[in-house]
Amino acid sequence: MRLSRYFLPVLKENPAEAQIVSHRYMLRAGMIKQQAAGIYSWLPLGLKVLRRIEQIVHEEQQRAGHIPVLMPTMQPADLWRESGRYDDYGAEMLRIKDRHERDMLFGPTNEEMITDIFRAHVNSYKDLPLTLYQIQWKFRDEVRPRFGVMRGREFLMKDGYNFDLTKDDALHAYNRHMVSYLRTYERMGLTAIPMRAASGPIGGDNTHEFLVLASTGESEVFYDDRVTALKLGNREVDFDNRDEVLGVCNEFTSLYARTDETHDAALFEQIPEAHRRNARGIEVGQIFYFGTKYSEPMGATVVGPDGVRVPVHMGSHGIGVSRLLGAIIEASHDDKGIIWPEGVTPFDVGIVNLKQGDGATDAACEDIYKALKAKGLDPLYDDRDERAGAKFASMDLIGLPWRITVGPRGLANGVVELTSRRSGESEELSAEAAVDRIVHIYAAHR
RNA sequence: CGGAGCGUAGCGCAGCCUGGUAGCGCACCUGCUUCGGGAGCAGGGGGUCGGAGGUUCGAAUCCUCUCGCUCCGACCA
């Protein structure tokens, strides 16, 4: 993309309403625009990141064997009356009447609706296991939205639902989600620690939250810092292999890591002091096993091998997709702006033309731009008639992980400059070598 | 929902207390000079002061109501 033809309304000054760094930078980098409290338009740059995050979530869900669906944002109230949650949910559920005075609502979650789909079409244990998921907008009418997309009222969320014949099967689905989530967050450049969110009955955990460490996090967390060194990396996990999946879960949950809700001071004290950490975290996902809570009242049953009809065991699993933009920025920025991890960056590399209008410089930038595009990469070429300082400041703000700087001075020596946004380190090399390096870097992330 | 603030040009703000022709910086437009980290000079465009009532000769300014947004608390993916 040529910046002169793009829509990137960056702000030099901080908008007054933004309190935390991710909100400030998202507004300043022209990623979002607030339309009402907790409700945002996604401008081109923000939308690109949102789509990349969605794409990673889709890929990792499907790798784990989960199947995408799409349910409406508007739901009939009757489904919620069946589960009893229409009255329980409270004022956070946005209730609407249509022209026929029918009670509708803007879905805050989808357990009822997915259960309705399931019971309409699935009758036999032979159709299990089944995990359906969607990425869809939700609405929760928070009393006090704040922090930009971190706590909006309208938000994009991946919600998945597993249906299994037995509790054991459902717990495997739970474990499968944990592993796929670990991989999902890693691809986004995040360290998200699964933390026990509430103690289950004896011997069984039934919910974990995934937290990204950040000083602005809403949750206080306690953990053994050796947990942050654990990496899934490129290892291939067979999601149908229960022992293997369970092994990974044990690896990532055996060290102490809990939110303040489930914190156990006595257990915490057993961690060697050098590894004990008390910090704050942003919740970016949660997995639940809840058994027959919805299947029973709503009649989601299958006939088992023994001919007996039984309610299915379910769980639900969420990833806060739009919130992740905020979480990533909170975890990865400096005083000049955002620092995108390669996995989610809106553009792969920025090209800064230091002397727009100079024949040789323009030509060199064009060559680099076209070469990168020919390699399937997505460069942002700053071809505006701006001074070098303004271009650098914009690039630093929007946070592309790599920058190729092209100016007459370097070109006279046959070199351009390749700069890492993260480290700030620059290297002079030929244009061809710079392109090769970028290609090589991104090969590892695709 | 309890408490506290703020709404004046696209953004950030002053002016309000003590009523009297609506200002500053950035951004935007034109010209010249600049040109490797948010340039300089000169000129220019843009605002029914959130909205509605009221007081007054006169309201951004005082009073009442209302809408919106933000912050602290409770709540929360």
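This note sets out points on helix packing, pockets and cavities in a predicted model.

1. Basis of the note. The model is predicted, and local features need pLDDT of at least 70, side-chain atom pairs count only at pLDDT 80 or more, and totals for chains, interfaces and linings use all residues. Residues are numbered from 1 along each chain as its sequence is written, chains are lettered from A and ligands numbered from 1 in the order in which they are written, and side-chain values use heavy atoms, with hydrogens and water left out.

2. Packing of α6 and α7. Helix α6 spans residues 167-187 and helix α7 residues 242-253; they pack at an angle of about 60 degrees, with their axes 9 Å apart. Helices (H or I, at least four residues) and strands (E, at least two) are DSSP runs, numbered from the N terminus. Axes are lines fitted to C-alpha atoms, for helices over the stretch in contact, and angles run from 0 to 180 degrees between N-to-C directions. The two helices α6 and α7 are therefore oblique to each other; angles under 35 degrees count as roughly parallel, over 145 as roughly antiparallel, 65 to 115 as roughly perpendicular and the rest as oblique. The crossing of α6 and α7 is left-handed, a term used if the near helix is turned anticlockwise from the far one by less than a right angle, with right-handed used if clockwise.

3. Residues between α6 and α7. The contact (heavy atoms within 4.5 Å) draws on residues of α6 including His 172, Met 178, Val 179 and Leu 182, and on residues of α7 including Val 245, Leu 246, Val 248 and Phe 252. By class, the residues of this contact of α6 with α7 are eight nonpolar, three polar and four charged. Here Ala, Val, Leu, Ile, Met, Phe, Trp, Tyr, Cys and Pro count as nonpolar, Asp, Glu, Lys and Arg as charged, and the others, Gly among them, as polar.

4. Helix α10 with α1. Helix α1 (residues 21-28) packs on helix α10 (residues 321-331) at an angle of about 105 degrees, with their axes 8 Å apart. That angle makes α1 roughly perpendicular to α10. Val 21, Ser 22, Tyr 25 and Met 26 of α1 meet Leu 325, Gly 326, Ile 329 and Glu 330 of α10. This contact of α1 with α10 has five nonpolar, two polar and one charged residues.

5. Helix α10 with α2. The axes of α2 and α10 cross at roughly 110 degrees and come within 9 Å, which makes α2 roughly perpendicular to α10. The crossing of α2 past α10 is right-handed. From α2 the contact takes Gly 46, Val 49, Leu 50, Ile 53 and Glu 54, and from α10 it takes Val 321, Ser 322, Leu 324, Leu 325 and Ile 328. Seven nonpolar, two polar and one charged residues make up the contact of α2 with α10.

6. Largest pocket. The largest pocket holds about 960 Å³ of space. On a 1 Å grid over the protein atoms alone, a cavity is a set of points where a 1.4 Å probe fits but cannot get out, and a pocket is an open set with protein on both sides within 12 Å along at least five of seven lines; lining residues have an atom within 4 Å of a point. Grid points are joined across faces, edges and corners, and a volume is the space filled by probe spheres set on the points. Of the 36 residues lining the largest pocket, Arg 140, Met 157, Glu 283, Gln 286 and Phe 288 lie nearest its centre. Strand β13 gives the largest share of this lining, seven residues. The lining of the largest pocket has twelve nonpolar, ten polar and 14 charged residues.

7. Second largest pocket. About 540 Å³ of space lies in the second largest pocket. Its lining has 21 residues, and Glu 186, Arg 187, Ala 444, His 445 and Arg 446 are the closest to its centre. Helix α2 supplies the largest share of the lining of the second largest pocket, six residues.

8. Cavities. There are three cavities of 30 Å³ or more in the structure. The largest cavity has about 100 Å³ of space, and among its 13 lining residues Leu 182, Thr 191, Ala 192, Leu 230 and Phe 252 are the closest to its centre. Leu 182 and Phe 252 also belong to the contact of α6 with α7. The lining of the largest cavity divides into nine nonpolar, two polar and two charged residues. The second largest cavity has a volume of about 60 Å³, and its lining includes Tyr 40, Trp 42, Trp 137 and Ser 322.
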